[in-house]
Amino acid sequence: MVSDKIKITNSTGLHLRSAGLFCKEAMRFKSQITFGAKGSTANAKSVLSVLGAGVKCGDIVELCCDGEDEELALEAMRNVIETGLDQ
């Protein structure tokens, strides 16, 4: 398992459109991908779970990837967040 803490810089946080992009990226990998935010854990491959986390701009999330492609998954998820989730 690998993990990293990342700050959400997207001005609207993980709203519907950005949550969809976030999940789409996570679905590319076989690894289980979760993130912790505001004291809860969310499944990065579920739009409802991501939206339910209520992540806003400036929040810090801890991404956790566990599986055969965990390193690649973590790097890709970090990249999609750092590039602003298409904003």
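**Surface patch, ring pair and cysteines**

Leu16, Val47, Leu48 and Leu51 come together as a nonpolar surface patch with about 380 Å² of accessible area in total (Shrake-Rupley, 1.4 Å probe, only the protein chains shown counting as cover). Patch members have over 30% relative accessible area and no salt bridge, with nonpolar side chains joined within 5 Å; a salt bridge here is a side-chain nitrogen of Lys or Arg within 4 Å of a carboxyl oxygen of Asp or Glu. This is a predicted model, where local features need pLDDT of at least 70 and side-chain atom pairs pLDDT 80 or more, while totals for chains, interfaces and linings use all residues. Numbering runs from 1 along each chain as its sequence is written, and side-chain values use heavy atoms, leaving out hydrogens and water.

Leu48 sits in helix H2 and, at 72% relative accessibility, counts as exposed (over 50%; buried is under 20%, partly exposed in between).

The rings of Phe22 and Phe35 have centres 5.5 Å apart and planes at 90 degrees, so they go edge-to-face. Phe22 belongs to helix H1 (residues 16-26) and Phe35 to strand S2 (residues 32-37), 13 residues apart. Phe22 is buried at 1% relative accessible area, and Phe35 is buried at 1% too.

Disulfides number 0 (sulfur atoms within 2.5 Å). For Cys23, the nearest cysteine sulfur, that of Cys65, is 13 Å away; Cys23 is buried at 4%.

Note on methods:
Patch = residues over 30% accessible without salt bridge, like charges linked within 9 Å, V, L, I, M, F, W, Y side chains within 5 Å. Helix = DSSP H or I, 4+ residues; strand = E, 2+ residues; numbered from the N terminus. Buried < 20%, exposed > 50% of the residue type's maximum accessible area, 1.4 Å probe, protein only. Phe/Tyr/Trp six-rings, centres within 6.5 Å; stacked < 30°, edge-to-face > 60°.
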